[in-house]
Amino acid sequence: SFVLSFWAYRQSNDWLKQISNGKRWTMLGLRFLGLAVLGILFMGLLIQSKSYNKELPVMVNLIDHSASMLNYSDSNTIKTEVPDLINKIESTFTEDFEILNLYLDEDLENIDSLLFNYPKTDLSKGFEKLYNEYYGRNLGLINLISDGNYNEGTNPSIFANKLKHSPIYT
């Protein structure tokens, strides 16, 4: 940029002979600064930087804690096996997955204990929440822990089919 500026404001140019040396050097300096700033900005376009963020895939445990889970002959074991299964999943896969436990109730909030006392089951609401909030993220897999009975909402396979790239284990 200095060479270009000096070449543009050399004394052999006829129009510069009428300007004093102070004004000529000021104009040369301003041209030099302008070209230098443009050069720096264009260099930023040529230099590419890449950054990588390792994002663990999300494993979602979609857990039905409705009263219908206890309607079968093995209901006493359900109360202990489901929390044990969740703890086993978390201890086994915690380094490989970001684990999210979603409990199917009215608000779909994480809760601390499984009571299996909610009167209704809406499996479609759980899959709809997963589709709306986690579609496009690295959703690795979905574990559906349920008896399969739903008495509210639409057919859960409608939203489950929208999650094409995430396997669903039951």
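Buried means under 20% relative accessible area, exposed means over 50%, and partly exposed lies in between. The exercises below concern a predicted model.

**Exercise 1. State how many salt bridges the model has, and locate the one formed by Glu 98.**

Step 1. A salt bridge requires a side-chain nitrogen of Lys or Arg within 4 Å of a carboxyl oxygen of Asp or Glu. By this rule there are 3 salt bridges.

Step 2. The partner of Glu 98 is Arg 137, and their closest N and O atoms are 3.4 Å apart.

Step 3. Glu 98 is in strand β2, while Arg 137 is in the loop between α4 (123-134) and β3, so this pair ties together parts 39 residues apart in sequence.

Step 4. Glu 98 has 38% relative accessibility and is therefore partly exposed. Arg 137, at 36%, also counts as partly exposed.

**Exercise 2. Find the salt-bridge partner of Glu 152 and say which parts of the chain the pair links.**

Step 1. Glu 152 pairs with Lys 120, the closest N and O atoms being 3.3 Å apart.

Step 2. Glu 152 sits in the loop between β3 and α5 (157-162), and Lys 120 in the loop between β2 and α4. The two residues are 32 residues apart, and the pair links distant parts of the chain.

Step 3. Glu 152 has a relative accessible area of 34%, which means that Glu 152 is partly exposed. The value for Lys 120 is 41%, and Lys 120 is partly exposed.

**Exercise 3. Give the strand order of the sheet and the sense of its pairing, then identify the edge strands.**

Step 1. The sheet is open and has 4 strands, in the order β2-β1-β3-β4, with parallel pairing.

Step 2. β2 (98-104) and β4 (168-169) pair on one side only, which makes them the edge strands.

Step 3. β1 and β3 are joined in the parallel sense by 6 bridges. Within this pairing, Val 58 has Leu 139 of β3 as its bridge partner.

Step 4. Strand β3 (residues 139-145) is joined to β4 by 2 bridges, and these strands run parallel. Asn 143 has Tyr 169 in β4 as its bridge partner.

**Exercise 4. Describe the cover of β3 and the placement of helix α3.**

Step 1. Of the 7 residues of β3, 6 are buried, and the strand is mostly covered.

Step 2. Helix α3 (residues 75-93) lies across β1 (58-64), β2 and β3. Its direction is at about 160° to β2.

**Exercise 5. List the residues of the nonpolar surface patch and determine which element gives the largest share.**

Step 1. The patch covers about 720 Å² and is made by Phe 2, Val 3, Phe 6, Trp 25, Leu 30, Phe 32 and Leu 33.

Step 2. Two or more residues of the patch come from each of α1 (2-8) and α2 (21-46).

Step 3. The largest share is that of α2, with 4 residues.

Step 4. Trp 25 is located in helix α2. At 43% relative accessibility, Trp 25 is partly exposed.

Definitions and conventions: Residues numbered from 1 in each chain as written. Predicted model: local features only at pLDDT ≥ 70, side-chain atom pairs only at ≥ 80, totals over all residues. Heavy atoms only, no water. Pairing = 2+ DSSP bridges. Contact = heavy atoms within 4.5 Å. Axes fitted to C-alpha atoms, helices over the stretch in contact; angles between N-to-C directions. Patch = residues over 30% accessible without salt bridge, like charges linked within 9 Å, V, L, I, M, F, W, Y side chains within 5 Å. Areas by Shrake-Rupley, 256 points an atom, 1.4 Å probe, with all protein chains shown as cover. Buried < 20%, exposed > 50% of the residue type's maximum accessible area, 1.4 Å probe, protein only.
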